[in-house]
Amino acid sequence: MKKISPASVADLCPQVFGVEFERERLDVLVNELASILGEITKLRELDLTNIPPVVVFDPEATYKES
Amino acid sequence: MTNKDIAFLPIEVLSTKIQRLEVSPVELTECMLDRIKKYDGNIKSYVFVADMAKEAAEQAQKEIKDGHYRGPLHGIPLAIKDNYLTKDMPTTVGTKAPGISFPLIDATTVHRLREAGAILIGKTNMHEFAWGNVTPPTRNPWNTNCVPGGSSGGSGAAVIASLCTAALGSDTGGSIRIPASLCGTVGLKATYGRVSKNGVITHSWSLDHAGPLTKTVKDAALLLNVLAGYDPKDPSSSTAPVPDYTKTLGDSIRELKIGVCRNHFFDRNNNDVQLAVEKAVDELSKISAGVVEFNLPNLRYGLGAIFVIELASSSCYHEKNLEKGLQRYYQPDVRTLVELGKFVTATDYLKAEQYRRVLISDLRKVFESVDVIVSPTTPITAWKLDQATVSIGGQDESVLAASWRLTYPFNLAGLPAISIPCGFDSNNRPIGLQIAGRPFAEETVLRAAYAYESQHRWKDQLPTL
């Protein structure tokens, strides 16, 4: 595994995301992300500590496939 | 009856004529293929046309003549969205990116249609990887300067242009119902798990739904009768029994309570849409047990939740393509969305899945006092091909953001929802009415839709090509 030596956030991207983005491409994505982050920030406001996620692990799932 | 006439008939009429040998599957299929040749150069709804469909039609005709009528879909020409795998037609999922290919096998639903005797006449255009509400280069048959909606825009356009009798679509945030609304067809997304997704290329595992776009509500019920049912190849498939969805279609809705969610669904709609849907609600109130109004404040968190789930799921599905750098060949909008999924954190993803439980619980409480929830399908009608924003109530908004606002809540909740035509705006562009119901209450949703449809002639309105 490649050793991480973070010179900058952009340098960390390949390790964090598993995909290498060119610097210009990162700018585009961060810009697009800004508009969506507002909605994600709203979602983070919710206190859902005691609510289980709707996707539930089913240990029998693969046994049902034939 | 001329060839021109049979092209416009719904399955509910054609099936009887085919069974009685008054219309042959061969003449019907040839009629559709001729119309595609004549009109689809302009509409661009198909990406592949199956000339070999004539052979299937001849086979169907022979079977029916020999007394082996399979049922209402026997000999009916249908189109398939290009994200359903098909053994005899290529699948591209709307992408031209090199190095990406899909197997020549039938999706479970496609197999079921073939078994029912349907004639598959081609694959319809879609927004690349089902990521968008526009479907370039397909045009809206009502106004070819306008979009047909998406991502099943090819299916919506082909159905209303009578270039097939009905079509299949898929719906992750509204991709069946949005083109149905913008093109003036019926579009049905059944309960999550009701229709198998095996062989439908994934966009977002827990949000994707497969379903039909049709000319009438009864046609949607006829197709659901064939499409619905348990499939061991789809881990999300339900074992819930499948009723005959046409059986209760004509029953009175006198005992049904109509729910209207006043926030979110009626906050910001185009005036023509608002007026048409309020009129529809008023009409439904007179033939039902009345209207119950309510609010769902937690809907304000829904957009963040569906963004997080769609982005992360899509990015995960495309991960191998991302590693190879193939996304650079995707359309720019799709590339950005697929790459953005990498920025979604695991905690935000799980929070979105927690939120879905809250929304489902809120809706469950609502369904204790109502039987269906009625709203516009889209806050706006079909927009111009090059239009990026729309003004609603004096406020500019992205057309893409506006177009799925009223449909995605039912993907998050996995509930059945249908879009049916309920009028036209001042520019003669169709308006859609959305009716949603409890889990697996497709019969109730279809019954309410049929009751409304029966009082109008919207289904008989067709564009001039």
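**Figure 1. Salt bridges across the interface of chain A and chain B.** In this predicted model, three salt bridges are found across the interface of the two chains. Arg300(B) pairs with Glu45(A), with 3.6 Å between the closest N and O atoms. Arg25(A), Arg335(B) and Glu339(B) are joined in a network of salt bridges. Between chain A and chain B, eleven residue pairs are in polar contact. Helix H2 (residues 23-45) of chain A supplies 14 residues, the largest share of the side of chain A that touches chain B. That side comprises 19 nonpolar, three polar and ten charged residues.

**Figure 2. Extent of the contact between chain A and chain B.** The contact involves 32 residues from chain A and 33 residues from chain B. About 3000 Å² is buried between the chains, 69% of it on carbon and sulfur atoms. Chain A has two helices and zero strands, and 23% of its 66 residues count as buried.

**Figure 3. The salt bridge between Lys123(B) and Asp82(B).** The N to O distance in this salt bridge is 3.8 Å. Lys123(B) belongs to strand E3 (residues 119-124) of chain B, whereas Asp82(B) is in the loop between strand E2 (77-81) and helix H5 (108-115), so the pair ties together parts that are 41 residues apart in sequence. Lys123(B) counts as buried because its relative accessibility is 0%; Asp82(B), at 0% relative accessibility, also counts as buried.

**Figure 4. The salt bridge between Arg114(B) and Asp88(B).** The closest N and O atoms of Arg114(B) and Asp88(B) are 2.8 Å apart. Arg114(B) lies in helix H5 of chain B and Asp88(B) in the loop between E2 and H5, so that the link spans 26 residues. Asp88(B) is partly exposed, with a relative accessible area of 34%.

Figure 5. Glu283(B) and Lys279(B) form a salt bridge whose closest N and O atoms are 3.1 Å apart. Both residues lie in helix H9 (residues 271-287), four residues apart, about one turn of the helix. Glu283(B) counts as buried at 15% relative accessibility, whereas Lys279(B) counts as exposed at 52%.

**Figure 6. The surroundings of Thr191(B).** Thr191(B) is located in the loop between strand E5 (186-189) and strand E6 (209-214) of chain B. Thr191(B) is buried, with a relative accessible area of 5%. Its side chain makes a polar contact of 2.5 Å with the side chain of Glu442(B). Residues touched by Thr191(B) include His209(B), Leu415(B), Arg438(B) and Phe440(B).

Notes:
Residues are numbered from 1 along each chain as its sequence is written. Chains are lettered from A and ligands numbered from 1 in the order in which they are written. This is a predicted model: local features need pLDDT of at least 70, side-chain atom pairs count only at pLDDT 80 or more; totals for chains, interfaces and linings use all residues. Side-chain values use heavy atoms; hydrogens and water are left out. Contact means heavy atoms within 4.5 Å. Buried area is the accessible area (1.4 Å probe) that two parts lose on being put together, summed over both. A salt bridge is a side-chain nitrogen of Lys or Arg within 4 Å of a carboxyl oxygen of Asp or Glu. A polar contact is a pair of N or O atoms within 3.5 Å; within protein, one must be able to donate a hydrogen and the other to accept it, and residues adjacent in sequence count only if both atoms are side-chain atoms. Ala, Val, Leu, Ile, Met, Phe, Trp, Tyr, Cys and Pro count as nonpolar, Asp, Glu, Lys and Arg as charged, and the others, Gly among them, as polar. Buried means under 20% relative accessible area, exposed over 50%, partly exposed in between (1.4 Å probe, protein chains only). Lists of a residue's contacts leave out its neighbours within four places in sequence.
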